[in-house]
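This report examines helix packing, chain contacts and annotated sites in the structure shown below.

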Amino acid sequence: MNILIPTVLVGALGLAFGLMLSFLAKKFAVPVNPLVQEVERVLPGANCGACGFPGCSGLAEKIASGEAPVNACPAGGPKVWAELTRLLGQEGGNWEVKRAVVLCQGGKGVAQVVAEYSGVASCKAANLLPGSFKGCRFGCLGLGDCVRVCPFSAMHIDPESGLPVVDWEKCTGCGKCVAECPRKILALVPRKEQVTVACVSPDSAREVRKVCARGCIKCQVCVRTCPEGAITFENGKIVISREKCTLCGLCIEKCPTHCIIRVGKTAALLEVRG
Amino acid sequence: MNTGFLTLFKIIISAAFVDNIILARYIGLCPYIGMSSSVANSIGMGMAVTFVMVLASIVTWVLWNFIFVPLGLEYLRIMVFILVIATLVQLVEILLKKNVPNLYRAMGIYLPLITTNCAILAVTFLGVDYGYTLLQVVVYSISVALGFTVALVLLAGIRERLRLARVPQFWQGYPIVFVATCLLAIAFLGFKGLVK
């Protein structure tokens, strides 16, 4: 059988199609904004989606066209922001660096465990069970949904306490873990030394004492202790004002359940007394 | 031919509804699931698929009947048909990028993926396998594309409603879409036996 005919035929077809396409591509060419590519090079390229656009290339297009602000990338941080500001010739604005923090200390031996959980190893699944396996309905389940969702490997489960720990060196403040946590235990805070209540339970003292040794019992000792009046009791919650707080640490010493913690400037771990 | 019109009508009904390419033949599910998140985009996808499907059917039918069958080169079918489809998809991409950039962006990866959309390859194959005339092939491919678009728009409408529904966490996203697809397919089962 002659191999020449099919070879020539397919080759000719390919050539004809190729020529036609290249001609049309020239004729209908769309000028690409070179700025888009430059912006994309500056962006982290993790495609984490924290900005709300489809990947880094999606955001690059929006930034280049001016539809998105230069600080739209929460993961890139001030470095990317500064670079983009320079690229686009914009001045001013400020960047607030944020970091995630875990607001629960109810780890192993601290919080009561009422049942053995052998289901799917995911906080979301465990949280579907009424009351779940922990005594506290608001405490960290420690199954690591936040760790798995972190695009920057900034989190791990501490083997001793069984609670997630955020590495502030790696954390970019993208907020994916905050969105992932079914119990809303993680929060984004400004990256600076601060004092915060590491308990989200709104329960009364009796309920909290029953299930956790490190829960906030709303005794308001801290409110009375603070010399600056930075701590208030609002809507059943202890609120520490970051503006008024002088980081003196008196409230940390006085708190009977040690649920007030100091979040480090750069360190990932939280300084805990007792 | 006095039965010509009736034959064409039969082709339309059976291709668009009875043997719906997605809901009865289960072909071309990738763009079906991927592009059904909004009705506007699904209509655009339907139009792009229609364009490629009809043109590909015509070109492949002509190549098949006038070059490949006379030369006895039937075994080259897959390669050449894919070549034709890929070229047409590129053509659509160039035109869309120029004229409808919004739709081009919304379609993203699914536009080049029309190349590997098995629905289009299936239609070009079936068109020549059924021994249709050129007119019949044109009508057939338009009907199949119509069926594809109908199924796509129906699912897009359902998905727009689904966004308001409280779907359990583990069913969110594609799982619930596949369930909706199954229910649609069951509904389309009602067309079975309509055309003898």
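Over residues 6-27 of chain B, the chain is 59% helix and 0% strand, with the end C-alpha atoms 27 Å apart. The model is predicted. Residues 134-158 of chain B form a span that is 100% helix and 0% strand, and the end C-alpha atoms of this span lie 36 Å apart.

## Packing around helix 3 of chain B

Helix 3 (residues 39-71) of chain B packs against helix 6 (residues 118-129) of chain B at an angle of about 40°, and their axes are 9 Å apart. Helix 3 of chain B and helix 6 of chain B are therefore oblique to each other. Their crossing is right-handed. On the side of helix 3 of chain B, the contact is made by B:Val52, B:Met53, B:Ala56, B:Ser57, B:Thr60, B:Trp61 and B:Trp64, which meet B:Ile120, B:Val123, B:Thr124, B:Gly127 and B:Val128 in helix 6 of chain B. By class, this contact of helix 3 of chain B with helix 6 of chain B has eight nonpolar, four polar and no charged residues.

Helix 3 of chain B also meets helix 4 (residues 77-99) of chain B: the axes come within 9 Å and cross at roughly 145°. The crossing of helix 3 of chain B and helix 4 of chain B is right-handed. Helix 3 of chain B contributes B:Ala48, B:Phe51, B:Val52, B:Leu55, B:Ala56, B:Val59, B:Thr60, B:Leu63 and B:Phe68, whereas helix 4 of chain B contributes B:Arg77, B:Val80, B:Phe81, B:Val84, B:Ile85, B:Leu88, B:Val89 and B:Val92. The residues of the contact of helix 3 of chain B with helix 4 of chain B divide into 15 nonpolar, one polar and one charged.

## B:Ala122 in helix 6

B:Ala122 is placed in helix 6 of chain B. With 17 other C-beta atoms within 10 Å, B:Ala122 is partly exposed, since a residue counts as buried at 20 or more such atoms and as exposed at 12 or fewer. The C-alpha atoms of B:Ala122 and B:Met53 are separated by 9.8 Å, although the two residues are 69 residues apart along the chain.

## Contact between the chains

The contact takes 13 residues from chain A and 15 residues from chain B. Helix 1 (residues 4-27) of chain A supplies ten residues, the largest share of the side of chain A that touches chain B. The residues on that side of chain A divide into eleven nonpolar, one polar and one charged.

## Architecture of chain A

Chain A has ten helices and nine strands. Of the 274 residues in chain A, 31% are buried. Among contacts in chain A with a separation of 6 or more, 56% are between residues 24 or more positions apart.

Helix 2 (residues 34-42) of chain A and helix 3 (residues 55-64) of chain A pack at an angle of about 130°, with their axes 8 Å apart. Helix 2 of chain A and helix 3 of chain A are therefore oblique to each other, and their crossing is right-handed. A:Leu35, A:Val36, A:Val39 and A:Glu40 of helix 2 of chain A make the contact with A:Cys56, A:Ser57, A:Ala60, A:Glu61, A:Ile63 and A:Ala64 of helix 3 of chain A. The residues of the contact of helix 2 of chain A with helix 3 of chain A divide into seven nonpolar, one polar and two charged.

## Annotated cysteine site in chain A

In an unreviewed entry, UniProt places the feature "binding site" at A:Cys150, A:Cys171, A:Cys174 and A:Cys177. These residues are spread over 28 residues of sequence but cluster in space, with a largest C-alpha distance of 10.4 Å.

A:Cys150 lies in the loop between helix 6 (145-149) and strand 2 (155-157) of chain A. A:Cys150 is buried, with 24 other C-beta atoms within 10 Å. Not counting residues up to four places away in sequence, A:Cys150 touches A:Met155, A:Lys176 and A:Cys177. A:Cys171 is found in the loop between strand 3 (164-166) and helix 7 (176-180) of chain A. A:Cys171 is buried, with 24 other C-beta atoms within 10 Å. Leaving aside neighbours within four places in sequence, A:Cys171 is in contact with A:Arg99, A:Ala100, A:Phe152, A:Ala154 and A:Val166.

Methods
Residues numbered from 1 in each chain as written. Chains lettered and ligands numbered in written order. Predicted model: local features only at pLDDT ≥ 70, side-chain atom pairs only at ≥ 80, totals over all residues. Helix = DSSP H or I, 4+ residues; strand = E, 2+ residues; numbered from the N terminus. Contact = placed C-beta atoms within 7 Å. Nonpolar A, V, L, I, M, F, W, Y, C, P; charged D, E, K, R; others polar. Axes fitted to C-alpha atoms, helices over the stretch in contact; angles between N-to-C directions. Parallel < 35°, antiparallel > 145°, perpendicular 65-115°, else oblique. Left-handed = near helix turned anticlockwise from the far one by under 90°. UniProt positions renumbered as here; feature names shortened; annotations may be inferred.
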